[in-house]
Amino acid sequence: MTICEQSLAKPSDLPVYLKLAAVTMVWGGTFVAGRYLAGSLSPLLAASLRFLLASVALLLFIRMARTPLVRPSPRQWLQLLLLGFFGIYFYNLCFFYGLHYINASRASLIVALNPAVIGLASWLLFKERLNRAKVVGIAIGMAGASMVIVSRDPQLLAGGVDAGTSAWLGDLLIFGCVLGWGVYSLCSKELNHSLGPVQTVTWSILLGTGMLWITCIVRGEVSVAAIAQLGAQQWMSLLYLGVLGSALAYIGYYDGIRKIGATRSGVFIALNPLTAVILGALLLDEPLTLAMCLGGGLILAGIFLCNKPLARAWKKGI
């Protein structure tokens, strides 16, 4: 086992796992919040407002922590622009436009591909070790996520939100989220170590927010009237998306990547649909079926398998 792999399997990894679990559970609620906003704001304006709130929250966080923003080098600026484009701008355009065509359950089923995409790309591009246990763990986690989503909404594969609109466009847009998030997860490694998660997330979100607002203004989609008509629940959805689902969650996720790697962090994304099901049962009295429980068990087993091998090898001193 390499020194790098040993460093990824410290006994102190448990707090990282708990943080990643919390982050991905927060993200599980973003599909519901995004779908709720879909009929109130244009996708571009909704994304712009979300990350404006995220930018404000991050700048306040940095100010309270008395940690000023660092000045990136020219190379770091290029890397941050790449992260801002794919992880903020491109991802969120695909996210909000996609939710206009398909429902949240169908979208989360496609996003469940994230662990596989991240794991495969890590192996191909960065030579990150992808042994049999990791492959099996990713596959089991994806199978569990699919079981949870399909059992919750058996008709989700039949079509989109609008019966008169083909769902393929929504599927393609949400798959764009998968690709954008893959780039955002994998291309942050060097910046995470040189700038740290907080600085990396803050700069990438600030740059991505600027891209969103410039596009929104150029396309003439800034509507003060639409913003003024938002109700309390819609503002709560925006705050959830911006502060919890973006500012805080992105920092937690990047910190996880820095400590245990992109593949082992990415597999936690399978918890998103499980969170939606649990919240539905607790808050909306939605039924918990046997298939949902079995799917949840598979998700947890997949995460365990994907993260266990390195820890076991470390204990043996390999």
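## Close-up views of a predicted helical model

View 1. Arg 66 is found in the loop between α4 and α5. In this predicted model, Arg 66 has a positive phi of about 55 degrees, although Arg 66 is not a glycine. The residue counts as exposed because its relative accessibility is 78%, where the cut-off for that class is over 50%.

**View 2. The protein chain as a whole is built from helices, with no strands.** The secondary structure comes to 16 helices and zero strands, and of the 318 residues in the protein chain, 52% are buried. Among contacts between residues at least 6 apart in sequence, 91% join residues at least 24 apart.

**View 3. Helices α4 and α5 meet in a right-handed crossing.** The axes of α4 and α5 come within 9 Å and cross at roughly 130 degrees, and the two helices are therefore oblique to each other. From α4, the residues that take part are Pro 43, Leu 44, Ala 46, Ala 47, Arg 50 and Phe 51, which meet Ile 88, Asn 92, Leu 93, Phe 95, Phe 96 and Tyr 97 in α5. Sorted by class, this contact of α4 with α5 has ten nonpolar residues, one polar and one charged.

**View 4. Helix α5 packs against helix α11 in a right-handed crossing.** Helix α5 (residues 74–98) and α11 have axes 7 Å apart and pack at an angle of about 55 degrees, which makes α5 oblique to α11. On the α5 side, the contact is made by Trp 77, Leu 80, Leu 81, Leu 83, Gly 84, Phe 85, Ile 88, Tyr 89 and Leu 93; on the α11 side, the residues include Thr 200, Trp 203, Ile 205, Met 211, Leu 212 and Thr 215. The contact of α5 with α11 divides by class into 13 nonpolar residues, six polar and no charged.

**View 5. Helix α4 passes helix α11 in a left-handed crossing.** The axes of helix α4 (residues 43–64) and helix α11 (residues 197–218) come within 9 Å, and they cross at roughly 145 degrees. The residues of the contact of α4 with α11 comprise 18 nonpolar, five polar and no charged.

**View 6. Trp 181, Tyr 250 and Tyr 253 have the most contacts inside the largest nonpolar core.** This core has 77 residues, and the largest share of the core, ten residues, comes from helix α13 (residues 232–260). Leaving aside neighbours within four places in sequence, Trp 181 is in contact with Trp 27, Tyr 91, Asn 114, Ile 118, Tyr 250, Tyr 253 and Ile 269.

Methods: Residues numbered from 1 in each chain as written. Predicted model: local features only at pLDDT ≥ 70, side-chain atom pairs only at ≥ 80, totals over all residues. Heavy atoms only, no water. Axes fitted to C-alpha atoms, helices over the stretch in contact; angles between N-to-C directions. Helix = DSSP H or I, 4+ residues; strand = E, 2+ residues; numbered from the N terminus. Left-handed = near helix turned anticlockwise from the far one by under 90°. Nonpolar A, V, L, I, M, F, W, Y, C, P; charged D, E, K, R; others polar. Core = buried A, V, L, I, M, F, W, Y, C linked by side-chain atoms within 4.5 Å. Buried < 20%, exposed > 50% of the residue type's maximum accessible area, 1.4 Å probe, protein only. Contact = heavy atoms within 4.5 Å. Parallel < 35°, antiparallel > 145°, perpendicular 65-115°, else oblique.
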